[in-house]
Amino acid sequence: MNVVKLLGEATVLTTTGNNIDSGTKILLQHNHNGGNAHLVTLKNVGGDTLGSVYVAPHRPIMIDKEPTDTVETESGVSDVYGTSVAHMG
């Protein structure tokens with residue numbers, strides 16, 4: 001079992017990059033029953049893409065990033081959330 005310490009509130013991801021409370025560990029969650037996976041993109045402060053991942057419904061994942069890096073999702077998506085966390089074990 002993973003244990004995380006919550007460091008902020010869940011934030012809806014949009015097409016505008018968000019650094020999610022300047023967190024370095026971000027819990028990504030897709031809250032939709034039976035829907036498709038959605039693309040989440042990680043960018044640095046300069047706007048360069050560092051990587052991307054598809055987040056499946058009800059399959060949360062945690063990513064590691066720099067405090068100034070941002071995450072964003074594709075157009076038309078309103079059910080992917082990011083929360084700053086600390087991984088406890």
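Tutor: Let's begin with a term: a salt bridge is a side-chain nitrogen of Lys or Arg within 4 Å of a carboxyl oxygen of Asp or Glu. This is a predicted model, in which local features need pLDDT of at least 70, side-chain atom pairs count only at pLDDT 80 or more, and totals for chains, interfaces and linings use all residues. Residues are numbered from 1 along each chain as its sequence is written, and side-chain values use heavy atoms, with hydrogens and water left out.

Student: How many salt bridges does that rule give?

Tutor: The count is 2. In one, Asp64 pairs with Lys25, and the closest N and O atoms are 2.7 Å apart. Asp64 sits in strand β6 (residues 61-64) and Lys25 in strand β3, so the pair ties together parts that are 39 residues apart in sequence. Strands here are DSSP runs of E, at least two residues, numbered from the N terminus.

Student: Is Asp64 buried or exposed?

Tutor: Buried means under 20% relative accessible area, exposed over 50%, and partly exposed in between (1.4 Å probe, protein chains only). Asp64 is exposed, at 51%, while Lys25 is partly exposed, at 30%.

Student: Which side chain meets Lys43 in a salt bridge?

Tutor: That is Glu72, at 3.3 Å from N to O. Glu72 is in strand β7 (residues 70-73) and Lys43 in strand β4, 29 residues apart. Both residues are buried. For contacts, look for heavy atoms within 4.5 Å. Not counting residues up to four places away in sequence, Lys43 touches Asp48, Thr49, Leu50, Asp69, Thr70 and Glu72.

Student: How do I read a nonpolar core?

Tutor: In soluble globular proteins, nonpolar side chains tend to be buried together. A nonpolar core is a set of buried Ala, Val, Leu, Ile, Met, Phe, Trp, Tyr and Cys residues joined through side-chain atoms within 4.5 Å. The largest one here has 11 residues, including Leu13, Leu28, Val40, Val55 and Ile63. Strands β3 (25-30) and β4 (38-43) each supply at least two of its residues.

Student: What is Leu28 in contact with, leaving aside its neighbours within four places in sequence?

Tutor: Its partners are Leu13, Val40, Val55, Pro60, Ile61, Ile63, Tyr81 and Gly82.

Student: And which residues form a nonpolar patch on the surface?

Tutor: Patches are made of residues with over 30% relative accessible area and no salt bridge, with nonpolar side chains (Val, Leu, Ile, Met, Phe, Trp, Tyr) joined within 5 Å and like charges within 9 Å. Here Met1, Val3 and Met88 form one, with about 400 Å² of accessible area together, by the Shrake-Rupley method with a 1.4 Å probe. Met1 lies in the segment before β1 (4-6) and counts as exposed at 93% relative accessibility.

Definitions and conventions: Helix = DSSP H or I, 4+ residues; strand = E, 2+ residues; numbered from the N terminus.
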